[in-house]
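Below is a short briefing on a predicted model.

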Amino acid sequence: MVFHKNHLNAPTQVITTQLGIPQSYKQQCIRETYKIGNSIAKNLKVRAIMSTYFIWKQTPIFNKLLDKIVDVHNHIFSDLSNDFSIRLHNAWSVIYKKNHQTLPHNHIPSVNSFIYYLQT
């Protein structure tokens, strides 16, 4: 697996990689995302079609993807400590249509966050 580390002009490091997720599984996740639809009554930062912050409670379809992301994250940061591992606090899906957007925000108190694009 190839990782690309990008240092920005801020105290932020962006790491990108390909997970090798099969297209057929991505399509299942996309269909499920549309099926879930908008589950958040109002979100001040995400102005789009969004699931709850606990998508694994809404549907098990994303579990394989979330497990893979956690495994890759733990691999990337394995040099920090043998005892280091992440816990997934929140994970959600978002569908962006015309005029949808996400406003600038942070994920404090989380140290790390991720984005996985099923389709762009």
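**Aromatic pairs and charges over rings**

Two aromatic pairs turn up when the whole structure is searched; rings of Phe, Tyr and Trp (its six-membered ring) pair if their centres lie within 6.5 Å, and planes under 30 degrees apart count as stacked, over 60 as edge-to-face and the rest as tilted. The model is predicted: local features need pLDDT of at least 70, side-chain atom pairs count only at pLDDT 80 or more, and totals for chains, interfaces and linings use all residues. Residues are numbered from 1 along each chain as its sequence is written, and side-chain values use heavy atoms, with hydrogens and water left out.

- Tyr53 and Trp92 are edge-to-face, at 5.1 Å centre to centre and 85° between the planes.
- This pair links distant parts of the chain, 39 residues apart: Tyr53 is in the loop between strand 4 (49-50) and helix 2 (55-58), and Trp92 is in the loop between helix 3 and strand 5. Helices (H or I, at least four residues) and strands (E, at least two) are DSSP runs, numbered from the N terminus.
- Phe54 and Trp56 are also edge-to-face, because their ring centres are 5.7 Å apart and their planes are at 85°.
- The charged end of Lys57 sits over the ring of Phe54, 5.0 Å from its centre, and that of Lys64 sits over the ring of Tyr25, 4.3 Å from its centre. The criterion is NZ of Lys or CZ of Arg within 6 Å of the ring centre and within 35 degrees of the ring normal.

**Nonpolar core**

- The largest nonpolar core has 16 residues, of which Leu19, Ile55, Phe62, Leu65 and Leu118 touch the most other members. Such a core is a set of buried Ala, Val, Leu, Ile, Met, Phe, Trp, Tyr and Cys residues joined through side-chain atoms within 4.5 Å.
- Helix 1 (23-36) and helix 3 (63-76) each supply at least two residues of this core, and the largest share, five residues, comes from helix 3.
- Phe62 has contacts (heavy atoms within 4.5 Å) that include Tyr25, Ile36 and Leu118, not counting residues up to four places away in sequence.
- Buried residues (under 20% relative accessible area; exposed over 50%, partly exposed in between; 1.4 Å probe, protein chains only) in helix 3 include Leu65, Ile69 and His73.

**Backbone**

- The peptide bond from Ile108 to Pro109 is cis, with omega near 15°; Pro109 lies in the segment after strand 6 (101-102).
- Asn99 is not a glycine, yet has a positive phi of about 70°. Asn99 is exposed, at 70% relative accessible area.

**Confidence**

- Mean pLDDT (the predictor's confidence in each residue, from 0 to 100) is 86 for the protein chain, and 91% of its residues reach 70 or more.
- Confidence is lowest in strand 1 (residues 3-7), at a mean of 69, and highest in helix 1, at 95.
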